[in-house]
Amino acid sequence: MNSKLRKYLTIIALGLAGGSIYFLPYIKYVFYDAQISTMGITNTQSGLMLTMYTIGNMILYIPGGIIADKVSPKKALVISLLSTTALAYIYAFSMNFAVAMVIWLGLSFSTAFVFWSSLMKAIRIIGTEEEQGFMYGLYYACNGITGALTNTFALNVYKTAGNDMSSGFVRAVISGGSVAAVAGILLIFLMKEDKKDASAADDGEPKFQLSDLGKLLKMPVVWVVALTIFCGYGYYTSTSYFNPFLTEVIGVSPESSGLISIIRNYLLLLLAPVGGILADKVFKSTCKWLMTAFLILAALFGIVMILPSDISPMAASLYTLIPGAFAMMMYGVVFSTVSEAGIPRMMTGTTIGIASIIGYLPDSIYSVIFGKWMDQHGAAGYNYIFTFLMITGIIGAVLAFTIYRLGKKNREQAI
C-alpha cells in the first residue's frame, strides 16, 4: 500500500477508534430513558456510574501515560478497543447496577488508561513534525463523524425492537459497542509494526524511563501545555451552552436549537483539518494559530453580549455557528502543542497523561459554575458565562505564546 495512503487511512481508523470507544461510557447522553428503564435504576444511580468512570480516569491518566511511553501504541490501542467491546457485551447481558459499576470502572482502564495517551502519541508518530496540526485536525474531523455515525447506527438498531424499550437498548449496546472492535481490527492491518512504532524513534531518541516522570513534572512547559488544553477544551465543551441560550434568551424553538446544536457539535468538526492547515501552512506554528484563534474567540463571545435585542432568531442561530467553527478549528490542533513545546517523542504519552488531568477539568468544573450562574441570574447568567469565556480566550492566547517561547528555548537546549 502507498505509504501516504496508508498514513491517511490509519488516521481515519484512529478517528473511528476515538469516535466509537466512548459510546458506552457516555451512552446515557443518547439513551438516557432507555438505560434507566432497562436497568431499573434511579437518576442518581445513573449519575454514580458516570462518576465512577470519571474518578477512574483521573487516577489512571498519568500511570497510563507512563505505560504508553513504554509499550507499542498499536498493541495498546487494539487491546483497549477489543476490551471495550467485551465490556459492552457483558453489560448487555447483565443490566445489573452493581455489575455496571464494575464495568464503568473497567471502562476507565479500557478507554482512558493507556488508550488516550497512546492515541495522541500514535497521531504524533504518524505525521512529520511539519504536519502535526493537520494530522490532529484530520483526526478530530474523523472522530466527530464516526462518533455521530456510531450513535446513529446504534439508534437505528434500537428502533428495530419497536416499542420494546429494553430489547432495543440491549441491541443498541451490542451494536454500538461492536464498532470499537471494528476499529481495532482495522488498526491491526493499518498501523505499522511495533518495532517501527516504538517510543524510541528512528532518530535515535532514548526510550522513556520512569525517572523521566520527575523531569517532566518539573518542566514549566508541561503545565503550560496542560492549561492551554484546559482553555481549548473549555471552549470546545462550552459551545453547548448556545443551545439553551438560543431557546431561553433569543426565543428559538427547541427543535431548531437542537438542529443548530447538531451542526455545531458534529458537522463543524469537519473544520478541524482547516485549523491544522492554518497552523502548518499559514502560521507555520500551532502556537501562533492558537494565539490568533483564542483572541478571535474572546472577541466573538464578547459580541454575543451586545447582539441587538430585536435580532432575528435565525440570524442569532447562524451567528453562534461562527464561534463554534473557531472552537473546533482551535481544539482540533491543541494537542499538537506537545510537539511545539519541544518535548521529546518518547515522553509524549506521559505528557498527554499529565496534561489530560488538567485539560479535561472543564467537564466537571464548568458545568457546576455555569449552572449556578444560570440558576441564580436566569437569562442574565449567560452574560456571566460569555464574559468568563471571553477572559478565557485572553488567558489562552497568553499561554500559547508562552509555549512558543519555552518550546523554542527547549529545542535550542535539546532537552
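Predicted model: local features only at pLDDT ≥ 70, side-chain atom pairs only at ≥ 80, totals over all residues.
In which loop is Leu270 found? The residue belongs to the loop between α13 (254-265) and α14 (272-282).

Leu270 is partly exposed, its relative accessible area being 41%. With neighbours within four places in sequence left aside, Leu270 is in contact with Ala141 and Ile145. A separation of 8.7 Å lies between the C-alpha atoms of Leu270 and Met329, although 59 residues part them along the chain.

Ser175 is located in helix α8 (residues 165-190). Its relative accessible area is 9%, and Ser175 is buried, since the cut-off for that class is under 20%. Once neighbours within four places in sequence are left aside, the contacts of Ser175 are Phe153, Ala154 and Val157.

**Helix α18**

How many of the 12 residues of helix α18 (residues 348-359) are buried? The count is 11 of the 12, so the helix is largely enclosed by the rest of the structure. The buried residues of α18 include Thr348, Gly349, Thr350 and Thr351. Ile352, Gly353, Ile354, Ala355 and Ser356 are also among them, as are Ile358 and Gly359.

**Aromatic rings**

A pair of aromatic rings is described by the distance of the centres and the angle of the planes. The model has 36 aromatic pairs, counted with ring centres within 6.5 Å. Two of these pairs are set out below.

| Pair | Centre to centre | Angle between planes | Class |
|---|---|---|---|
| Phe23 and Phe31 | 6.5 Å | 80 degrees | edge-to-face |
| Tyr91 and Trp104 | 5.0 Å | 75 degrees | edge-to-face |

The planes of Phe23 and Phe31 stand at 80 degrees, and an angle over 60 counts as edge-to-face, so the pair falls in that class. Phe23 and Phe31 are both buried.

For Tyr91 and Trp104, the angle of 75 degrees again gives an edge-to-face pair. Tyr91 is part of helix α4 (residues 73-92) and Trp104 part of helix α5 (residues 97-113), so this pair ties together parts that are 13 residues apart in sequence. Tyr91 is buried, as is Trp104.

Ring pairs also link a cluster made up of Trp116, Tyr139, Tyr140, Tyr233, Tyr236, Tyr331, Phe335 and Tyr360.

Another ring, that of Tyr8, has a charge over it: the charged end of Lys7 sits there, 5.5 Å from the ring centre.

Methods: Residues numbered from 1 in each chain as written. Heavy atoms only, no water. Phe/Tyr/Trp six-rings, centres within 6.5 Å; stacked < 30°, edge-to-face > 60°. Buried < 20%, exposed > 50% of the residue type's maximum accessible area, 1.4 Å probe, protein only. Helix = DSSP H or I, 4+ residues; strand = E, 2+ residues; numbered from the N terminus. Lys NZ or Arg CZ within 6 Å of the ring centre and 35° of its normal. Contact = heavy atoms within 4.5 Å.
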